[in-house]
Amino acid sequence: MKNMGEPRIKIVAMPKDTNPSGNIFGGWIMSNIDIAGALATRDLPIENVVTVKVNSMEFREPIFVGDVVSYYAKIVKVGNTSIKVKVEVNAERLYDGARRCVHVTSADITYVSMDSGGKKKPINCSKNYLLALGIKNNE
C-alpha cells in the first residue's frame, strides 16, 4: 500500500464471519473499513466523528477463512468539519504453498467532527500540523 503506512487493523478472517457461500461476509468487511477510517481520524485533535458518506465500493477478490486481512487508512482531506479518508483492504493467504497478497477493495469515506452534544464541531488544525500528516489542503 503505497504511502498508506501501517495497517490500522490487521485481523484473521474467522468462520463466524462467513456468508452462506463460505466466503467472508461483505458486511463484516465494510464494518472494519468504517472502523479503520475512524481510527485514522484520531490523527487529528478532535473529540468524535460520525460517518456521513461512503463512496462506491467494489469487491475485487473474496476473503476466505484464515486470510490475514489488513485495513490501511489515511486522511486525504480535512475541511471545516469534515474529514475524507481513503481505506484500502488487502488479504494475505497461502496459495500453492506461497504467501500471496491480494487487493480486496477500497473506499473513500467522509466523517464529520462532532462535539459531545452531537453537533458539528470545527476542526482546528494548523497547516503545518496537516502537512506533517501528509495532508496538503484544508478546504
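Figure 1. Cys125 has a relative accessible area of 14%, and because the cut-off for a buried residue is under 20%, Cys125 counts as buried. Cys101, at 53%, is exposed. This is a predicted model, and a search of the whole structure finds zero disulfides.

**Figure 2. The open sheet of five strands.** The strand order is β1-β3-β4-β5-β2, and the pairing is antiparallel. The edges are formed by β1 (9–12) and β2 (48–54); each has a single partner strand, so one side of each lacks a neighbour in the sheet. On average, and with direction ignored, neighbouring strands of this sheet are turned by 30° against each other.

**Figure 3. The pairing of β2 with β5.** Strand β5 covers residues 98–114 and runs antiparallel to β2, to which it is joined by six bridges.

Figure 4. With 16 residues, α1 reaches 23 Å from its first C-alpha to its last, close to the 22 Å expected at 1.5 Å a residue.

**Figure 5. The buried residues of α1.** Trp28, Ile29, Asn32, Ile33, Ala36, Gly37, Ala40 and Thr41 are buried in this helix. An α-helix has 3.6 residues a turn, so residues three or four places apart point the same way. The buried residues of α1 pack against β1, β2, β3, β4 and β5.

**Figure 6. The surroundings of Ser106.** Ser106 lies in strand β5. Its relative accessibility is 18%, and Ser106 therefore counts as buried. Leaving aside residues up to four places away in sequence, Ser106 touches Ser56, Met57, Lys86, Val87 and Glu88.

**Figure 7. Confidence along the chain.** The chain averages a pLDDT of 92, and 96% of the residues score at least 70. Where pLDDT is low, the predicted coordinates should not be read in detail.

Conventions:
Residues are numbered from 1 along each chain as its sequence is written. This is a predicted model: local features need pLDDT of at least 70, side-chain atom pairs count only at pLDDT 80 or more; totals for chains, interfaces and linings use all residues. Side-chain values use heavy atoms; hydrogens and water are left out. Two strands pair if DSSP finds at least two bridges between them. Helices (H or I, at least four residues) and strands (E, at least two) are DSSP runs, numbered from the N terminus. Axes are lines fitted to C-alpha atoms, for helices over the stretch in contact, and angles run from 0 to 180 degrees between N-to-C directions. Buried means under 20% relative accessible area, exposed over 50%, partly exposed in between (1.4 Å probe, protein chains only). Contact means heavy atoms within 4.5 Å. A disulfide is a pair of cysteine sulfur atoms within 2.5 Å. pLDDT is the predictor's confidence in each residue, from 0 to 100. The expected span of a helix is 1.5 Å times one less than its number of residues.
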